[in-house]
Amino acid sequence: MKTQLSLIVLPLLVACQSSNPYVADSRPLPPAPAGVAEHFDRSAYPAAPRDYSRYRNWSWRNGQLPAGSAWADSALLAEALSNSLDQRGLRPAQQNASADLQVSADLRLERRQYQVRDDYGSYYGNGPYGDRYGMYGSVPLTRNYEVEVAVVRIDMFDGRSGQPVWSGNAEARSEGSQSERADALREAVNKALGAFPPS
């Protein structure tokens with residue numbers, strides 16, 4: 001047994017002792033192009049973090065109120081958004097003054113499909129414990145249903161540069177009376193603005 005093992009290991013050791021046929025070789029780097037020391041590429045670095053505390057007031061983007069729909073009119077959406085921005089310390093800009101933020105909002109109805117699974121079962125026999133006998137059976141019941149929801153999307157832009165600053169959206173169930181829909185819209189606007197300002 002030892003002889004067979006040594007016959008297997010010996011060629012492996014001999015193969016490891018051979019010289020390396022590869023030789024390390026490199027060429028020098030080419031010279032840098034002229035003027036590269038004076039050029040600074042800003043796109044190679046991440047943008048500086050945005051200071052959201054400098055945003056104090058807001059106005060509607062392009063001076064237009066958000067468009068309403070048959071589900072909720074423009075005034076209701078504008079009021080809900082204005083109140084929610086006010087809770088976050090953002091005040092409407094004064095007349096003829098440039099605002100720090102420009103805000104736009106969109107409201108649309110969409111359909112969502114949901115799937116619910118219920119397991120219905122029953123027990124047959126004398127009892128489930130002890131020396132009694134019985135049998136249990138279960139049947140999964142899957143139901144699909146469709147719900148109409150109102151989706152609120154809010155976009156914010158920097159007042160000076162016009163660059164997009166933040167956006168968020170949320171949805172509310174579209175059923176119920178007019179007052180229930182108004183409450184659902186206010187809740188959706190608060191949910192959409194829940195992550196503003198980002199930390």
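Me: In which helix is Ala78 found?
Reply: Happy to start there, and please keep in mind that this is a predicted model. The elements of the chain run α-β-α-β-β-β-β-α from the N terminus on. Residues 74-87 form one of the helices, and Ala78 is found in that helix, α2.

Me: Is Ala78 buried or exposed?
Reply: Ala78 touches Trp60, Leu65 and Pro66, leaving out residues up to four places away in sequence. Its relative accessible area is 9%. Buried means under 20%, so Ala78 counts as buried.

Me: How far apart in space are Ala78 and Pro66, C-alpha to C-alpha?
Reply: Pro66 is among the residues that Ala78 touches. The two are 12 residues apart in sequence. From C-alpha to C-alpha, the distance between them is 6.5 Å.

Me: Which residues of α2 are buried?
Reply: The helix α2 has 14 residues and reaches 20 Å from its first C-alpha to its last, close to the 20 Å expected. Just after α2, Gly89 takes a positive phi of about 85°. Within the helix, the buried residues are Leu76, Leu77, Ala78, Ala80, Leu81, Ser84 and Leu85.

Me: What handedness does the β-α-β unit made by β1, α2 and β2 have?
Reply: Strands β1 (residues 57-60) and β2 (residues 91-92) run parallel and are joined by 2 bridges. Together with α2, they make a β-α-β unit. That unit is right-handed.

Me: Which residue in β2 does Asn57 stand opposite?
Reply: Asn57 has its place in strand β1. Leaving aside neighbours within four places in sequence, its contacts include Leu90, Arg91, Pro92 and Ala93. Across in β2, the residue opposite Asn57 is Arg91.

Me: The backbone nitrogen of which residue lies 2.7 Å from a polar atom of the Asn57 side chain?
Reply: Asn57 is also in contact with residues including Ser98, Ala99, Asp100 and Leu101. One of these brings its backbone nitrogen to 2.7 Å from a polar atom of the Asn57 side chain. That residue is Asp100.

Me: Is Asn62 buried or exposed?
Reply: Asn62 lies in the loop between β1 and α2. It has a positive phi of about 60° although it is not a glycine. Exposed means over 50% relative accessible area, so at 65% Asn62 counts as exposed.

Me: How many residues does the largest nonpolar core have?
Reply: The residues with the most contacts inside this core are Leu81, Ile154, Met156, Leu185, Val189 and Leu193. At least two core residues come from each of β1, α2, β3, β4, β5 and α3. Leu193 touches several residues, among them Leu81, Ile154 and Met156. The size of the largest nonpolar core is 33 residues.

Me: With which side chain does the side chain of Asp155 make a polar contact?
Reply: Asp155 is found in strand β4, residues 134-158. With a relative accessible area of 18%, Asp155 is buried. Apart from residues up to four places away in sequence, Asp155 touches Gln102, Val103, Ser104, Trp166 and Ser167. The polar contact, at 3.2 Å, is with the side chain of Arg153.

Me: What is the relative accessible area of Ala188?
Reply: Ala188 has its place in helix α3. Beyond its neighbours within four places in sequence, Ala188 is in contact with Val152, Ala170, Glu171 and Ala172. Ala188 is buried, and its relative accessible area is 1%.

Me: What percentage of the residues of the chain count as buried?
Reply: The chain has 3 helices and 5 strands. Among contacts with a separation of 6 or more, 68% are between residues 24 or more positions apart. Of the 199 residues of the chain, the share that counts as buried is 24%.

Terms used:
Residues are numbered from 1 along each chain as its sequence is written. This is a predicted model: local features need pLDDT of at least 70, side-chain atom pairs count only at pLDDT 80 or more; totals for chains, interfaces and linings use all residues. Side-chain values use heavy atoms; hydrogens and water are left out. Two strands pair if DSSP finds at least two bridges between them. Helices (H or I, at least four residues) and strands (E, at least two) are DSSP runs, numbered from the N terminus. A crossover is right-handed if, with the strands pointing away from the viewer, the path from the first strand over the helix to the second runs clockwise. Buried means under 20% relative accessible area, exposed over 50%, partly exposed in between (1.4 Å probe, protein chains only). A polar contact is a pair of N or O atoms within 3.5 Å; within protein, one must be able to donate a hydrogen and the other to accept it, and residues adjacent in sequence count only if both atoms are side-chain atoms. Contact means heavy atoms within 4.5 Å. The expected span of a helix is 1.5 Å times one less than its number of residues. A nonpolar core is a set of buried Ala, Val, Leu, Ile, Met, Phe, Trp, Tyr and Cys residues joined through side-chain atoms within 4.5 Å.
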